[in-house]
Amino acid sequence: MTRGTALAVAAMLTVQASIAASVGLIGEIGAEGAAWLRLSWAGLLLLVLIRPRPRDFSRRDLGATALLGVATAGATILFMAAVGRLPLGTASAIEFLGPLGVAVAQNRRNMTWPVLAAAGVLLLTRPWEGGVDLAGVAFALGAAVCWGAYIVLTQKVGDRVDGLKGLAVSMPVAALVATLTVHPSAIAALTGGQVLRGLVLGAMMLVAFGMEMLALRRLTTAAFGTLMALEPAFGLLIGAVGLHQTPGVLGVAGVGLVVTAGIGATRRGARPAVHGEMRQPVAAASSLP
């Protein structure tokens, strides 16, 4: 397993664990409030730890980091809203359509994988039963679009800005965007316990996003999108163990199809060498576990 692969897998596990830990907070202060609290703490911690300076960025770099912040806020808020309505494994599988779309866009010759992923999502949501939460699916699809943009922008910012300085700007921007979705009364009503839980969740988010940015310096967006195919499976497992969301046979089959589609979408993922130590070439994604 290459270092980029290891970073991506560790980031996925951290993200899914933090989302599972957020479910109780979502029930108390809503998806928007929980997302705002996580993003605010993550942004504050990054500003304190990294201390980015204006001279570290060109105007173009600042524009890219701002867009990354908007995409980060969208993905976080919409996904947490989806998790409030759907099982974690189902929401993760639908959201994965974003990274899968990035991978397919770089290799349009084989459309088998998008069809396979669509079949998996149908098995997960089972619209023929009439019990699917359409709002939850819509939130997850919106998160998928934002996640696809997040992957492309994270790689762009990571290549242009040294270290985690780009993340130290994009995360506060994401927190500001999230603030627009929360009513002031909800912020004023926060308890000390909720604030402390938000701190822990924000720290987990900071670690996960940092690992993703470092991974995307070593992998193509296609390879990263392929690795993200494992996230719905992690979501299913953590949802079953941590949240007692026991999946049915069709749910397991649906996640299996989505994971297979992601792995099959591309098998070549090493980035060509670019400037700097952090931009060294890595092994192809055929080394996936």
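## The overall picture

In the protein chain, 87% of the contacts with a separation of 6 or more are between residues 24 or more positions apart. This is a predicted model, and the protein chain in it holds 12 helices and zero strands. Read from the N terminus, the elements run α-α-α-α-α-α-α-α-α-α-α-α.

The protein chain has 289 residues, and 51% of them count as buried. Its accessible surface comes to about 12300 Å², with 67% of that belonging to carbon and sulfur atoms.

## How confident is the prediction?

The average pLDDT of the protein chain is 80, and 85% of the residues score at least 70. Confidence is highest in helix H2, at a mean of 92, and lowest in helix H10 (residues 221-227), at 67. Over residues 273-289 the pLDDT is below 50, although this stretch has 39 contacts in the model beyond near neighbours in sequence.

## A look at helix H7

Helix H7 covers residues 165-179, which makes 15 residues. From its first C-alpha to its last, H7 reaches 22 Å, close to the 21 Å expected at 1.5 Å a residue.

Which residues of H7 are buried? They are Gly-166, Leu-167, Ala-168, Val-169, Ser-170, Met-171, Pro-172, Ala-174, Ala-175 and Ala-178. These buried residues pack against four partners: helix H1 (3-50), helix H2 (59-83), helix H6 (134-160) and helix H9 (192-216).

Searching the whole structure turns up five salt bridges. Some of them join up: Arg-53, Asp-56 and Lys-165 are linked in a network. Arg-53 forms a salt bridge with Asp-56, and their closest N and O atoms are 3.6 Å apart. Asp-56 also forms a salt bridge with Lys-165, again with the closest N and O atoms 3.6 Å apart. Asp-56 lies in the loop between H1 and H2 while Lys-165 lies in helix H7, so this pair ties together parts that are 109 residues apart in sequence. How accessible are the three members? Arg-53 is partly exposed, with a relative accessible area of 39%; Asp-56 is partly exposed at 21%; and Lys-165 is partly exposed at 24%.

Another salt bridge brings together the side chains of Asp-61 and Arg-160, at 2.5 Å from N to O. Because Asp-61 lies in helix H2 and Arg-160 in helix H6, the pair ties together parts that are 99 residues apart in sequence. Asp-61 is buried, with a relative accessible area of 8%, whereas Arg-160 is partly exposed at 39%.

## A buried charge without a partner

Glu-95 is buried yet has no salt bridge. How far away is the nearest side chain of opposite charge? That side chain is Arg-38, and it is 9.3 Å away.

Finally, look at Arg-51, which lies in the loop between H1 and H2. Arg-51 is not a glycine, although it has a positive phi of about 50°. Is Arg-51 buried or exposed? Arg-51 is exposed, with a relative accessible area of 63%.

Terms used:
Residues numbered from 1 in each chain as written. Heavy atoms only, no water. Helix = DSSP H or I, 4+ residues; strand = E, 2+ residues; numbered from the N terminus. Expected span 1.5 Å × (residues − 1). Buried < 20%, exposed > 50% of the residue type's maximum accessible area, 1.4 Å probe, protein only. Contact = heavy atoms within 4.5 Å. Lys, Arg positive; Asp, Glu negative; His and termini not counted. Salt bridge = Lys/Arg side-chain N within 4 Å of Asp/Glu carboxyl O. Areas by Shrake-Rupley, 256 points an atom, 1.4 Å probe, with all protein chains shown as cover. pLDDT = per-residue confidence, 0-100.
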